[in-house]
Structures are given as C-alpha cells and as structure tokens.
Amino acid sequence: MAAAAARADGQEKVIAAAKHIVSSLATSKNAAEDMIRILSGFDNRLSTINDLFPASSSAARAGDADGVDVDPSEAELRLEVAQKVVLRWDASDSLLWESSPEEAEEYLAAVDDLIFLADPGTSSSAAAAAEDLVSRAEVALQMAMSRLEEEFRHLMVRNAVPLDSNGLCSSIRRLSLSFASDSGETMEDFESSIDDEHQLQLPPQQQEGSPEDRSGSSLIDDRSLDLIHPEVIADLKAIADKMIWAKYDRELHHVYCTVRRDILDECLSILGIDRMSIEEVQRTEWRMLDDKMKKWIQAMKIVVRALLWGERRLCDQILAASEELREECFSETTKGCVMQLLNFGDAIAICQRSSEKLFRILDMYEALADVLPDLQTLYAGDPKDLLCEEAEGILTRLGDAVKGTLMEFGNAIQKEPSRKPTQGGEIHPMTRYVMNYVKLLVVYNDTLNLLLDDGACGSDQDRSEGCENRSTNGENLESMTPLGRRMLLIISYLETNLDEKSKVYEDGAMRYIFLMNNILYIVNKVKDSELGKLLGDDWIRKHRSQIRQYATSYLRTSWTKVLSCLKDDGYGSGSSSSVSKVALKEKFKNFNLAFEEIYRVQTTWKVPDPQLREELRISISEKVIPAYRSFMGRFGSQLEGGRHATKYIKYMPDDLEYHLSDLFEGLLGLTPRKKA
C-alpha cells in the first residue's frame, strides 16, 4: 500500500511539474502543443496533460472538456479582455498579419476565448446572466469572424504566386511533366506540303509516363506548384481552423472559393483560353481555331498537371480541419475552370469535320486521355461529381471525330474530281498531300490503333472486302494492325484515283510516266517512314514490280515506232540498186523524224526521281543504240559518199546516247544537236 501511495504521489508531482512548465512558458496554443509533444516523448503519462491547462491556455479556451463550468467572474473577465482586442482591431485600418506576430497570436487567443464563451454550456452563472454573456460573446465573435474573413482574403490574394504563360510552362518542365511549349507547331500546314513536302516535319511523339505514373502514385508534393507563398500557409491554416471551429465554415468556403476561382480564371486567360459557345467555335475561321486548339492542348496539361494538383495540396494544407470542406472547396474552386476546357473540347468534337483538323483533334484526344487518370484521382473524394464522367464522354466524342474524319478523308480521295493533267507527267499534288498526311498519321500509331480496333480496314465490311480484293493481291489483313489496314485502304483509294487521272493523257507513253512518278513517290514515302513497318516488305516489292511493268509499257508504247524504222527489210541483197538506196534514205529519214519528235516531246516530261530517270534512259539506250548501230553498220556505207548523205545519216550512235541524256528533265524548246 505504501509503495502504491508513493507511486501515485510521484506521478502527481511529475504531472504538477509539467503543468507548471506549460503554464509558465506557453505563450500560445501552438507553443503549448509543442511543449506537450516534447514532454510526452519523455513520459507518456504527460500525454493526458491537456485537461490540466490553465484557464488562459488554448486547451481551456477550446472547451475540450465539455460541461466544465467556468467561474462567472472569470468568464466575464475573459470576455472583456477578448472584446477589447477585437474592438481595437475593428476600429483600425491596419491588417493584423501585417503587424507583429505577437498581435496576431493575441487576436487568435481572443477568438479562442470568444468561441469558448459563446457556448451556452461553459458558464455556471444564473441563466439570465449566462445568456447575456453568451450573447455578447456571439456578437464579438461575429465581429472577429468578419475580421478574420477579410484577413484571410487579403493573405490569399496578396501572397498568391504570380503566374504567367512562361512561368507556367517552365513549371511544367521543372516538375518533369512531359510537355512541349510549342506543342504541335512543328507540323506544317498541308497547303505548304503540296509545294514542298520536305518542309513537313513530324510532330514529336509524346514521351509521357504511364497512366499509373500520372494518376497519383507519386507524392502530390512532387506534382504541384506553389500557388501561395509557403511562408503564409500556417497563418491561413490558423485562420481557417478558427472559422471552422466557430462554425463559420460557410463564410470560409465562400471567401476561399471566390479568391482561388478568380485566380484560376485569370490563369486560363493567361494561357489564351477564352469562353466560347459551340456556335462561336463553329463560326471561327480555321487558322484562328487551329491556334485556339493548340493553346487548349497546352492549357489542359498545365491546368491538370500543375494547377489542379497545386489546388489540391493547398486545400489539404489550409483546410485540414474539415475533410468535407476540403472536398467542397476544391471541387467548387476548380470545376468551372475544368468545365470551360471540356466545353471547348466538346465543341470541337461536334464541329463540321475536315481533314485539316484531324491532327489537332488527335492532339486534343491524347492530351485529354493523358490527364484523365489525374482527373479521376483529383476528384475521387466526391462520388457525386460528374466531371470525370463528362471528361470520359468528351474523350469518346473526340475519338469518334477522329474516326469520322479519317473516313471522310478516304471518301474525299476517292471523289477528288480534278482532271487537269499535271505538266510533264509530274507527281500529282493530291499524291503529295495524301502521302504526307498518312505519313504524319503514323506518329499517332498507338492512339489510332486503339480507336480503329474494330476488326475491319474500313468503316464497314463491304469496304473492307473491297480493300482486300482490289489492292492487296492477297495481303493477309488479319496480320496487320488496325492502323496498317486503314493506311492500306487510303493508299488504295489514292492509287485508284491516280489510275483514273492517268487516262486524261492523250499520249499513252506519258500516261505511264505519270503512273511511274506517282507510284514511286508513294513507295518512297512508305519505305522511308514508319509506314513501311505497317504495310510490310511484300507491299513494297509488289509496287516496285508494278513500276517496272509501267516502264516496260512505256518503252513499248513510245519507242516501237522508232525501232520499226531500223528493221532489215531485205535491202542488203540489192545494195547498188536505186530502189534500195531510196528505201534506205526513207528509213533513215523516218528514224530521224521519229527520234526528233520523241526528243522534242519527252525532254519536256519530268521524272523527278534521279534513279528512275537514269534507269529509263539506260533502258531506252539498251534498245535503241544497239539497233541503230547495227543498222548503220549494215547499210550506212551504201549512202556514204553519195550526195546529201549527212541529210539522212544525221546522227552517230554516240550522238543518240548524248541526246537521250536530255530526256525527262522537264526542259522546253530543245532540239537535237550533234555532240560537240
């Protein structure tokens, strides 16, 4: 018994000593709480010291011990002191948090007392007196809350981190969030691609992390900006705690959301995002709309990846005392900003479709798909919120717009009506446009494979079967990716249209030059890009074989008449007769005329590819030069020495070869001349 009494006595002495330390040294609630944590580390019995705070401490003010009576005189004294503090500052134009920290602490301590005294259960005095004290405490508390609301607003506005477009973009880079400030600007307009396809550059592929990496698996602190200077966060939290404790959370909700919502709206304005109705979007001229779409892509990444995560952290820090208020303030603060972005995306998704918009829509689709996991994480705390559902719906509609635009692009190729032949059998502008277009599409390989994964190479089974039967020569479509099948279909449309356009050439030989030029251009674009992987080596080999067939058809159509002039029609037997010489002269004359006509015409034709141009010249030389040399060797001597022999034998074999080197250069006004 004695030992137990000694232990109890010792415990009381320890607690009493701790109480004395706290009451003597604690100048504020925060200081008291810090000392308690330190003392508890030495002796866990001291963790119960809260109920031993002196009346002036924050624990007593907090009314943690509900139902504990306070002496009427003490309550009256505390009310008078608190009222004086509140009234002094109410009459002042100065701001508390621009004064000394001690004055702010004093004011918050007064608020603690008022909150405590405004509780009807804290006074042991008579009912009338208690009611009067509570009423006066409530009046003073209301005045204090109004003051704290203004102080909170001022601190929030005054200490907001200034943001501009450059700062936002640099913050994205600093946070290692994949984003290019000139997103999509490396893709030239397709109008210029018709003039010079080499000006086209592929937009950089996204280097985003996986959705899991972006959906909150990393710490929020690593994901967000400082939207308010960190040194005032504790002061804002202290004010918020008092307002929540005093049940002025609606007023806190209002001031918090008003300030942060205005700042987010300003950020959208800085990023170039304007409020536009669907009708305004649809009426906007393409160049201006294209610029707005680029800014939207940039803004979507910055807003979600930087600003929203920053807002989430800010809510968690300042409004830590109320989980419900945290979620409400975050949702109400940010929802308008996000919906403004989503509404523009929705307007684009339902706009009239055109091929020029496709790449921007794909960029928008990928941007929204990339940030969707973040949105789902950010708004996970509000099960009633429909924002993520709306975002998913808009993502689906953007995907539908991509698929629909691709289908209409294919239809436009099939129906492209121009029948004006290109000069010299050159590459048709449509060929350049389409091939540069599909080459750029491959950059979006993963996205398009996802969107086009419907098991067919076209929009319907009939079109798919047409694709297989008409242009693949038995290609195994099953082994191709969805994008590969769609590229095969689009290129087959192009080839069919080119074949129709080739029929406008009256000269059959020129028709084959036109087809060779265009098919070779297609093959080179496929071979030198990721299209080659999609369509496969067999496709390339088959089309090279097709070009060789066109070359054979060209030689037959163009040079058969020339070569017929060099046939041996039995002139050798009567070499001295006048009939034979006359016939030979006619032969040489006809050859000269035929060759010169081909030279005059085909030097104006254009074969842009140097390898094809040289191969055609070699093929012509291999047919014409040996035949001419053989004919001259057998019959040339019969005319040599005669009158006007050079009139008929105008060219030596070397002269012909020299002239053949001028073919397909696209030059005008050339006439055959002897080699110097």
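**Before selecting anything**

This is a predicted model, in which local features need pLDDT of at least 70, side-chain atom pairs count only at pLDDT 80 or more, and totals for chains, interfaces and linings use all residues. Residues are numbered from 1 along each chain as its sequence is written, and side-chain values use heavy atoms, with hydrogens and water left out.

**The whole protein**

Display the protein as a cartoon. It contains 27 helices and 0 strands; helices (H or I, at least four residues) and strands (E, at least two) are DSSP runs, numbered from the N terminus. Of the 676 residues, 49% count as buried. Buried means under 20% relative accessible area, exposed over 50%, and partly exposed in between, with a 1.4 Å probe and protein chains only.

The accessible surface comes to about 32,400 Å², and 50% of it belongs to carbon and sulfur atoms. Such areas come from the Shrake-Rupley method with a 1.4 Å probe; for residues, only the protein chains shown count as cover. As for contacts between residues at least 6 apart in sequence, 78% join residues at least 24 apart. Contact here means heavy atoms within 4.5 Å.

**The nonpolar core**

Select Phe-152, Trp-296, Ile-318, Leu-375, Leu-441, Tyr-554 and Trp-559. These residues touch the most other members of the largest nonpolar core, which has 188 residues. A nonpolar core is a set of buried Ala, Val, Leu, Ile, Met, Phe, Trp, Tyr and Cys residues joined through side-chain atoms within 4.5 Å. Which helix gives the most to this core? It is helix α13 (residues 286–318), with 17 residues.

Next, centre the view on Ile-318. Leaving aside neighbours within four places in sequence, Ile-318 is in contact with Phe-152, Met-156, Ile-233, Leu-236, Lys-237, Ala-240 and Tyr-256.

**Aromatic rings**

The structure holds 16 aromatic pairs. Rings of Phe, Tyr and Trp (its six-membered ring) pair if their centres lie within 6.5 Å; planes under 30 degrees apart count as stacked, over 60 as edge-to-face and the rest as tilted.

Select Phe-409 and Tyr-433. Their ring centres are 6.4 Å apart and their planes stand at 45°, so the pair is tilted. Phe-409 belongs to helix α16 (residues 387–415) and Tyr-433 to helix α17 (residues 429–441), so the pair ties together parts that are 24 residues apart in sequence. Phe-409 is buried, with a relative accessible area of 4%, and Tyr-433 is buried at 18%.

Move on to Trp-559 and Phe-595, another tilted pair, with 6.3 Å centre to centre and 50° between the planes. This pair links distant parts of the chain, 36 residues apart: Trp-559 is in helix α23 (residues 537–564) and Phe-595 in helix α24 (residues 578–602). Trp-559 is buried at 2% relative accessibility, as is Phe-595 at 1%.

Then select Phe-359, Phe-409, Tyr-433, Tyr-437 and Tyr-444, which form one aromatic cluster.

**Cysteines**

How many disulfides does a search of the whole structure find? It finds 0. A disulfide is counted as a pair of cysteine sulfur atoms within 2.5 Å. Select Cys-329: its nearest cysteine sulfur, that of Cys-257, is 4.0 Å away. Cys-329 is buried, at 0% relative accessibility. For Cys-337, the nearest cysteine sulfur is that of Cys-267, 7.9 Å away. Cys-337 is also buried, at 2%.

Select Pro-608, in the loop between α24 and α25 (610–639). Is Pro-608 buried or partly exposed? At 29% relative accessibility, Pro-608 counts as partly exposed. Beyond residues up to four places away in sequence, Pro-608 touches Glu-426, Ile-427, Asn-517 and Arg-613. Pro-608 and Glu-665 are 57 residues apart in sequence and 8.0 Å apart in space, C-alpha to C-alpha.

Next, compare two residues with positive phi. Lys-247 has phi near 65° and lies in the loop between α10 (233–245) and α11; at 70% relative accessibility, Lys-247 is exposed. Phe-664 has phi near 65° and is placed in the segment after α27 (653–660); with a relative accessible area of 0%, Phe-664 is buried.
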